[in-house]
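This report concerns the model shown here.

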Amino acid sequence: MEMLKINTSKTSDAVTAAEIEALKVPAEQANTLLRTREGAGNDFLGWVNLPSSIDAAQLAAIQKEAEALRSKAEVVIAIGIGGSYLGAKAVLEAMSDSFALLKKNPKKPVVVFAGQNISEDYTYELLDAVKDYSIAAIVISKSGTTTEPAIAFRLIKAEIEKRYGKAEAAQRIVAITDKARGALKTLATNEGYPTFVIPDDVGGRYSVLTPVGLLPLAVAGVNIAELVRGAQDMEKATADSVPFDQNPAAIYAATRNALYRKGFKTEILASYEPKLQYIAEWWKQLYGESEGKEGKGIFPASVTLTADLHSMGQYIQEGERTLFETVISVTKPAHKVVIEADKENLDGLNFLAGKRISEVNKMAELGVALAHVDGGVPNIRIELPEINEYYIGGLLYFFEKACGISGYLLGVNPFNQPGVEAYKKNMFALLDKPGYEKESAEIRKRL
Ligand code: PA5
């Protein structure tokens, strides 16, 4: 079975075959630039060959550390934000039972996340919730200086040291950071934490297949070897030697850019599987941070269907006509639930008797796609055979490769994020961080 199929036939009311064809050579060239590392942001292209460069020894080292944490803790707190958070969160959600918390014997350890916000209540509730459990932490920051995870880590580190003492804390805290720079690197060295390195040439949002994503996932019991194998196969399937018509990443990148050029400025990533919701959050970061710059870029939005048909559905069907939709369509559910016949049929649902829930979901999906297309919302369909580590690994790499190609087609550097500094400057000025004295005085006048 193919890893993933892309179907762009339902964009034909909005863009002609010729308009997509016109982007074929530029998309191929963009893909080649990614391989030869000759395009913009070329010092951040380590992710392109990352899957094929991961060897058994690297996976074994991650697995070994994961086992050490698993043996010590019932709850492992993964601390990070943005690219140092969303990949692990997305894959973990996708691979987890939706009701794991209600299971009589929940899988241990439970991996929870911190440092992705500065909410006092979230922090309090987390520290309170882990009171009666043994804990460990994985602190992740490429720069090693990001405020949100640094605050969370300060608190969690103190809690771990208070409970277990400094020496044992060094067995319960793992740092994932730059090989040489940043406050976290210094701290990890001083405290003697086991450390994994985020390669210099892999940016945060492209780092899910480094220890950033792989260690928390291995701790949670996700099969990281399969995740990487899926990404490796997708690396081959999207290489620049693969002809455009057979390269799903090139087709996706070209189609979304053709749509953008025709005024379709918002892309909604839709899925009919709620456990893919965080895949969409990861995707939004990947595309939003990579493309939204210089006054340009498709705005990445997401919906989970059919739930959001009862909230966003009205807008998608009849609101401003600048939207297109990309649906992740899962072919085969992992479980089987059949709708039974009911003698009284008071709810009038006997016409569904004998059908699986997934058949109803699929007809909803097909019906929605046509309704939205008829309403002026072009539809791209990405078919994923199943939700498992292998296919999810492939999907992640597919989106990364398409994002690199797409950013080049748009004419931006998809591997920087200069815009994320603006809020930090204001926040530090408002918090009177040393060195921000002038900005502090000025910003106060504006409040
Ligand atoms: O993609 C990115 O580079 C960002 O989203 C970062 O991942 C995020 O800002 C966190 O940075 P760091 O890992 O340096 O703490």
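**Domains and their interface**

The model is predicted. Its chain is assigned two domains: domain 1 covers 5–40 + 232–415, and domain 2 covers 50–226. Taken over C-alpha atoms, the centres of domain 1 and domain 2 are 30 Å apart. Contact between them involves 26 residues of domain 1 and 25 residues of domain 2. The area buried between domain 1 and domain 2 is about 2200 Å², and 60% of it lies on carbon and sulfur atoms. On the domain 1 side, Lys275, Tyr278 and Glu389 lose the most area to domain 2; together they account for 30% of what that side buries. Two salt bridges are counted between domain 1 and domain 2.

**Helices H5 and H15**

Helix H5 spans residues 86–95, and helix H15 spans residues 389–410. Their axes come within 11 Å of each other and cross at roughly 145 degrees. The crossing of H5 and H15 is right-handed. From H5, the residues Val91, Ala94 and Met95 take part in the contact, and they meet Glu389, Ile392 and Leu396 of H15. Sorted by class, this contact of H5 with H15 contains five nonpolar residues, one charged residue and no polar ones.

**Salt bridges**

The count for the model comes to 30 salt bridges. Two of the pairs are tabulated here.

| Side chains in the salt bridge | N to O distance |
|---|---|
| Arg205 and Glu289 | 3.1 Å |
| Glu168 and Lys72 | 3.0 Å |

How many residues apart are Glu168 and Lys72? They are 96 residues apart, and the pair links distant parts of the chain. Glu168 belongs to helix H7 (residues 147–172), while Lys72 belongs to helix H4 (residues 56–72).

**Backbone geometry**

Two loop positions remain to be described. Which peptide bond is cis, with omega near 10 degrees? The bond in question runs from Leu305 to Thr306. Thr306 is found in the loop between strand E8 (299–304) and helix H13 (313–318). Glu294 has a positive phi of about 55 degrees, although this residue is not a glycine. The loop that holds Glu294 lies between helix H12 (277–291) and E8.

Technical notes:
Residues are numbered from 1 along each chain as its sequence is written. This is a predicted model: local features need pLDDT of at least 70, side-chain atom pairs count only at pLDDT 80 or more; totals for chains, interfaces and linings use all residues. Side-chain values use heavy atoms; hydrogens and water are left out. Axes are lines fitted to C-alpha atoms, for helices over the stretch in contact, and angles run from 0 to 180 degrees between N-to-C directions. Helices (H or I, at least four residues) and strands (E, at least two) are DSSP runs, numbered from the N terminus. A crossing is left-handed if the near helix is turned anticlockwise from the far one by less than a right angle, and right-handed if clockwise. Contact means heavy atoms within 4.5 Å. Ala, Val, Leu, Ile, Met, Phe, Trp, Tyr, Cys and Pro count as nonpolar, Asp, Glu, Lys and Arg as charged, and the others, Gly among them, as polar. Domain bounds come from an automatic or database domain assignment. Buried area is the accessible area (1.4 Å probe) that two parts lose on being put together, summed over both. A salt bridge is a side-chain nitrogen of Lys or Arg within 4 Å of a carboxyl oxygen of Asp or Glu.
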